[in-house]
Amino acid sequence: MSRVKHLGSRRELENYRDLLFVLVQKDIKVRYKSKILGYLWSIASPLAFACVYFFAFRIVMRVDVANYPLMLISGIFPWQWFANSVGSSPRLFLGNAPLIKKVKFPRIIIPLSMILNHMIHFILSLPVILLFVFIYGGAPTLSWIIGIPILLAVHLMMVYGISLVLSSLNLFLRDIERLVDVVMRFVFYFTPIIYPIELIPERFQAFIPLNPVAPLIISWRELFLFGTFNLAYTAISFAYALAFLALGYFVYRKLSWRFAEVV
Amino acid sequence: MREPVISFDNVSKHYPLYTNVRGIKNVLFNFPRNLRAMRSQRFEALRDISFDVYRGEKFGIIGRNGAGKSTTLGLIAGVLRPNEGRVVVRGRISPLLALGAGFNPELSGRENIVLNGILMGLTRREVLSKLDEIIDFSELGDFINHPIRIYSSGMLARLGFSVVAHLDPEILLIDEVLGVGDIKFQQKCLDKMMAFKESGITMVLVSHSISSVISICDRAMWIEDHTVKMVGHPYEIAAQYCKAAGVEVDLGDIPQNVEFSSS
């Protein structure tokens, strides 16, 4: 028997849609209060990263990779979306404590709005990637038209799943936040972002798909770098995305009714 | 036969003391001991309470700090779930009205009204159609277009009450908030609450202000040591409560709820 019955507080679909809309709009508004500067900030950080790696690996260590700056750019921008979303998820429900304690609403929408927000920043930074593609003599291909929407969807699902797990669990185990910092550092260097796949020693090549982020980032990078759509790696990322989404939903369902007790 | 809109049926609520499982580290290293500790140490917030609130009633809840008043409101609002017993609520509920719940400091007053309204379950269209009325009632003037981080606590209370009061909830939950506004606004809130009486809205008011419980409520409940001590006429409850607390309050001057004093 259900212990709580709230009749008459059903939300319509329109309300869910509006809820998502205002939550996303809220973050965007806060970020882009001054429009030009806000946009510059959201691309400044990945560009700065790219510059640092370019200096360290190309100028100092003289690694010989063709179109290295373009390779960096096409890997770092998708990675930023991933890393920013995952990195901010542990504090997500904690940061919205007043809401969770006072208002009954589907909390599952909070991580979604955060991720959509990061996705919008990523989409807005696509022109920067395009600019680099042009500089290095490339051009967008037909694969972009199918590749970008599919990868956006897969990426969104994967981050949503991971974020649901982390944001829910961190309410109960508060040191997850620190653990995420450490793990993300490993994931960054184990994912082919600042080096091409070919440089990975032969005996480790088979392990690439074991890193859930690697197939996704490789798919993004090949799309921008070579204009090709890597079906195999996209399929693997899709499988990971589904698994994370299922796990995330399961964890959220198990824990969400206790949220107001622990925030 | 009057229809109960809120019924508590032998409701108990206890919180585990999560201190032992605060982090992954602790869980990993002392798991069995901590699990036992978590089961045995718990904080009892409400023990086997039952009461009904009927449609259109103004129901006051008084009691000492930590007696379980806020837990009761949390259960009504549906942000908490009872461990035993059953809570049934019929009707659309307002969030627990408290300072700044759901407000984003960077957004303007106007934007916060929309955000809050949608969180409460309305659609964007519905909120926008009431926007002017809400802004008028809050008397915030030009401040409505400024970010609310520059608001004083009294101004926040004005904004909060104005939003909740105009989104016609069927059940209005008020948790100790009216003390913050200036006397003129307090009077305005009282007038608005009296107007609710005619429209048949059910109101649950948690307050330490004995006088406002007596002047607003039809019925009051006194919670002591996590159980219901008394339910009845607000004046009597207040008199008993003051006596038990050892505080002498002259209740004679307080205008009593009109409906009751005439009957």
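In the predicted model, F190(A) is exposed, with a relative accessible area of 58%. The ring of F190(A) pairs with that of F186(A): the centres lie 6.1 Å apart and the planes meet at 20 degrees, so the pair is stacked. Both residues belong to helix α8 of chain A. Four residues, about one turn of the helix, separate them.

A second stacked pair is formed by F49(A) and Y53(A), with ring centres 6.2 Å apart and planes at 10 degrees. These two residues are also four apart, here in helix α2 (residues 35-60) of chain A, and so about one helical turn separates them. F49(A) is partly exposed, at a relative accessible area of 37%. Y53(A) is buried, at 11%. Ring pairs join F49(A) and Y53(A) to a cluster that also holds F57(A), W79(A), F82(A), F188(A) and Y189(A). Over all chains, the count of aromatic pairs is 20.

The interface between chain A and chain B buries about 4000 Å². Carbon and sulfur atoms account for 59% of this area. Chain A contributes 44 residues to the contact and chain B 47 residues. Three salt bridges are counted between the two chains. One of them links K13(B) to E261(A), with N and O 2.5 Å apart. Six residue pairs are in polar contact across the interface.

On the side of chain A that touches chain B, β1 (4-7), α1 (13-31), α5 (97-102), α7 (142-172), α8 (176-190) and α12 (259-262) each supply at least two residues. α1(A) gives the most, with 11 residues. This side comprises 21 nonpolar, six polar and 17 charged residues.

Methods:
Residues are numbered from 1 along each chain as its sequence is written. Chains are lettered from A and ligands numbered from 1 in the order in which they are written. This is a predicted model: local features need pLDDT of at least 70, side-chain atom pairs count only at pLDDT 80 or more; totals for chains, interfaces and linings use all residues. Side-chain values use heavy atoms; hydrogens and water are left out. Contact means heavy atoms within 4.5 Å. Buried area is the accessible area (1.4 Å probe) that two parts lose on being put together, summed over both. A salt bridge is a side-chain nitrogen of Lys or Arg within 4 Å of a carboxyl oxygen of Asp or Glu. A polar contact is a pair of N or O atoms within 3.5 Å; within protein, one must be able to donate a hydrogen and the other to accept it, and residues adjacent in sequence count only if both atoms are side-chain atoms. Ala, Val, Leu, Ile, Met, Phe, Trp, Tyr, Cys and Pro count as nonpolar, Asp, Glu, Lys and Arg as charged, and the others, Gly among them, as polar. Rings of Phe, Tyr and Trp (its six-membered ring) pair if their centres lie within 6.5 Å; planes under 30 degrees apart count as stacked, over 60 as edge-to-face and the rest as tilted. Buried means under 20% relative accessible area, exposed over 50%, partly exposed in between (1.4 Å probe, protein chains only).
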